[in-house]
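Below are some notes for a colleague who has not seen this model before. Please read them with the sequence and the structure open.

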Amino acid sequence: MRILLAIDGSPSSIKARDLIASLPWPPETVIGLVAAYQAPVDWSTGVASHAALAGDAAEAVHSELGEQLRDLGEPLSARGWAVEPRLIRERPATAIVAAAAEFDADLVVVGSRGHGALYSMLLGSVAAEVVNMAPCPVLVARDEDISHALIATDGSPTARAIPEVLRRWNVLRGVQAEVLSVAPRDSPAYELMVGLYTLGSTRIGEEHTDLLERCRRDAD
């Protein structure tokens, strides 16, 4: 198992780390611990630009943040997993997605919100971008443990892959889970719209009935 954990020292990313540490991953699991940061924004010219860090100053910042990153990884190393820390000076969402591909990650884990000690910005919008762009499943952690799971399906190929992924990872065994499939509601307004736009055709109604049946099968 190869897990890429994006962390910035914020409470949210610490919860993400603690969640990963609480789950029974295989002993051979490798955790890529990545932090992305950007130089402070310089507004002195009236135009936003990233301030340049040169020479010894840049090296000192990189060294200090690297030490913090290694400290944040110690609870994971204590569990016996291999931890590979990596510090990247880059736009966070871009860096995380690229690192996931390079690391050949099976799973990316991010906090739901951020801006912590490593000067990264794992804000909600960044987490959303990682979810949309990552080459593998993404877990957005909001707490440090999992007691219940809700598995939502819409019948799509990715939703149908969920049971096999969970079976292969085998880290949620013993966790109570419910499966939810959502279908359009029947209502007088819906029936009226169908009648008006189909001129009495039964095709739409038949497709709607078929959709409801497929949703029930997916939930089973």
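**Notes on the model**

1. Helix α3 covers residues 92-103, and its 12 residues should span 16 Å at 1.5 Å a residue; the end C-alpha atoms are 16 Å apart, which agrees. The expected span is taken as 1.5 Å times one less than the number of residues in the helix. Helices (H or I, at least four residues) and strands (E, at least two) are DSSP runs, numbered from the N terminus.

2. This is a predicted model, in which local features need pLDDT of at least 70 and side-chain atom pairs count only at pLDDT 80 or more, while totals for chains, interfaces and linings use all residues. Residues are numbered from 1 along each chain as its sequence is written, and side-chain values use heavy atoms, with hydrogens and water left out.

3. Which residues of α3 are buried? They are Pro92, Ala93, Ala95, Ile96, Val97, Ala99, Ala100 and Phe103. Buried means under 20% relative accessible area, exposed means over 50%, and partly exposed lies in between (1.4 Å probe, protein chains only).

4. Just after α3 comes Asp104, with a positive phi of about 55°. Asp104 is a residue other than glycine, and its place is in the loop between α3 and β6 (107-111). With a relative accessible area of 55%, Asp104 is exposed.

5. Asn170 also deserves a look: its phi is positive, about 55°, although Asn170 is not a glycine. This residue lies in the loop between α6 and β9 (176-181). Asn170 is partly exposed, at a relative accessible area of 37%.

6. How many salt bridges does the structure hold? There are four, a salt bridge being a side-chain nitrogen of Lys or Arg within 4 Å of a carboxyl oxygen of Asp or Glu. One of them joins Glu102 and Arg86, whose closest N and O atoms are 3.2 Å apart. Glu102 lies in helix α3 and Arg86 in strand β5 (residues 82-89), so this pair ties together parts that are 16 residues apart in sequence. Glu102 counts as exposed at 59% relative accessibility, whereas Arg86 is partly exposed at 36%.

7. Another salt bridge is formed by the side chains of Glu164 and Arg167, at 2.6 Å from N to O. Both residues belong to helix α6 (residues 162-169); because they are three residues apart there, about one helical turn separates them. Glu164 is partly exposed, with 37% relative accessibility, and Arg167 is exposed, with 54%.

8. The side chains of Asp18 and Arg17 also meet in a salt bridge, with 3.0 Å from N to O. Here Arg17 counts as buried at 11% relative accessibility, while Asp18 counts as partly exposed at 28%.

9. Thr29 sits in the loop between α1 (11-22) and β2 (30-37). Is Thr29 buried or exposed? Its relative accessibility is 1%, so Thr29 counts as buried. A polar atom of the Thr29 side chain lies 2.8 Å from the backbone oxygen of Pro26. Leaving aside residues up to four places away in sequence, Thr29 touches Met1, Ile3, Trp81 and Ala82, where contact means heavy atoms within 4.5 Å.

10. Gly9 is in the loop between β1 (2-6) and α1. At 26% relative accessibility, Gly9 counts as partly exposed. Although Gly9 and Gln68 are 59 residues apart along the chain, their C-alpha atoms are separated by 8.3 Å.

11. A nonpolar surface patch of about 300 Å² is made by Leu150, Leu180 and Val182. Patches are made of residues with over 30% relative accessible area and no salt bridge; like charges are joined within 9 Å, and nonpolar side chains (Val, Leu, Ile, Met, Phe, Trp, Tyr) within 5 Å.

12. Of the 220 residues, 33% are buried. Among contacts between residues at least 6 apart in sequence, 79% join residues at least 24 apart. The chain exposes about 13,000 Å², of which carbon and sulfur atoms supply 55%; accessible areas come from the Shrake-Rupley method with a 1.4 Å probe, and for residues only the protein chains shown count as cover.

Notes:
Polar contact = N/O pair within 3.5 Å; in protein donor to acceptor, adjacent residues only side chain to side chain.
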